[in-house]
Amino acid sequence: MIKLSLAIQTPEVEPLLPVALLSGTFEEKLQKAAGCGAEGVELMSTNPSQLDAEKIRRQLKQHGLEAAAVSSGGMAAAGLTLLHADPLRASQARSRLNLLIEFAARVGAPLVTVGGFRGRLASLPGGQGEEILAQILNQAADLGARQGVRLVIEPLNRYETDFIRTAEQGLALISRLGNPSLGLLLDTFHVNIEERSWTEPFERALAAGKLWHVHLGDNNRLPPGCGLIDFRAIAAVLSARGYQGFLSAELLAQPDPDQAARLTIQYMKGLSYAA
Ligand code: LER
Ligand code: MN
């Protein structure tokens, strides 16, 4: 069975993240997530040291929800990226990655995502960025492995990153590092911009045993079914290959944060039954 999740921001995140879903208090968000049929939530945190992880773990359990992943998707908006040009910001970001991993372990989330949080190669002089990121990811993956948490690298579209835009590029980095705790996150919105096929990148990552997480958003970043992407074909590939991870809605909170969540779950449940 394909499990569905909704990306929600944790209480300490101050700006309203455009791709975080559900409105109300954190408790109300969990209530709504369970109410609309999600199996899990993806927790977008920028400063887990301000959170009570044990309380969140209990709240998730009360609502019968899994922690699908801990997301670093709010970090760039908070001014923190792993390859930030300002060494202080970069070092804060690297400590924050360790905190996200610890938080994930404490709430029972199996994964921490690394998308825009990696920053840009152009921020660092001398073409050192990729090597520095590789070292950071390796160390973080080792830290995660000691706590039962794995890392997923997310290819992003060209307007949001200057490296790792496709599944092939993400898998090449993962294979070069050879760290068993590093895998891939594919986001349908980015796939639609950068790839030649909606399904082939998923096939490729599944064949490599590295597709560990999926973000859902249509080509216009609206809920699946509100744009052009063939989610039925993607769900069929995932289902046929026995994908065990989550499909996690990370998309524009339109027409509003609750309806976007409901529309996604309704549409995807229809497809996964059909697949
Ligand atoms: C941003 O577009 C995104 O997809 C996030 O998951 C990562 O920053
Ligand atoms: Mn994403």
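**View 1. Right-handed crossing of H1 and H2.** In this predicted model, helices H1 and H2 cross with right-handed geometry. The contact draws on Phe26, Glu27 and Leu30 from H1, and on Ile56, Gln59 and Leu60 from H2. Sorted by class, the contact of H1 with H2 comprises four nonpolar residues, one polar and one charged. H1 spans residues 26–35 and H2 spans residues 53–62; their axes are 10 Å apart, and the packing angle is about 30°. Angles under 35 degrees count as roughly parallel, and H1 and H2 are therefore roughly parallel to each other.

**View 2. Packing of H4 against H5.** Helix H4 covers residues 129–147 and helix H5 covers residues 167–177. The axes of H4 and H5 come within 11 Å and cross at roughly 65°. The crossing of H4 and H5 is right-handed. On the H4 side the contact is formed by Glu130, Glu131, Ala134, Leu137 and Asn138, and on the H5 side by Leu173, Arg176 and Leu177. By class, the contact of H4 with H5 holds four nonpolar, one polar and three charged residues.

**View 3. Arg118 over the ring of Phe163.** The charged end of Arg118 is placed over the Phe163 ring, at 5.4 Å from the ring centre.

**View 4. Arg150 over the face of Trp212.** Arg150 lies 3.8 Å from the centre of the Trp212 ring, over its face. As for pairs between aromatic rings, with centres required to lie within 6.5 Å, the count is zero.

Conventions: Residues numbered from 1 in each chain as written. Chains lettered and ligands numbered in written order. Predicted model: local features only at pLDDT ≥ 70, side-chain atom pairs only at ≥ 80, totals over all residues. Heavy atoms only, no water. Axes fitted to C-alpha atoms, helices over the stretch in contact; angles between N-to-C directions. Helix = DSSP H or I, 4+ residues; strand = E, 2+ residues; numbered from the N terminus. Parallel < 35°, antiparallel > 145°, perpendicular 65-115°, else oblique. Left-handed = near helix turned anticlockwise from the far one by under 90°. Contact = heavy atoms within 4.5 Å. Nonpolar A, V, L, I, M, F, W, Y, C, P; charged D, E, K, R; others polar. Phe/Tyr/Trp six-rings, centres within 6.5 Å; stacked < 30°, edge-to-face > 60°. Lys NZ or Arg CZ within 6 Å of the ring centre and 35° of its normal.
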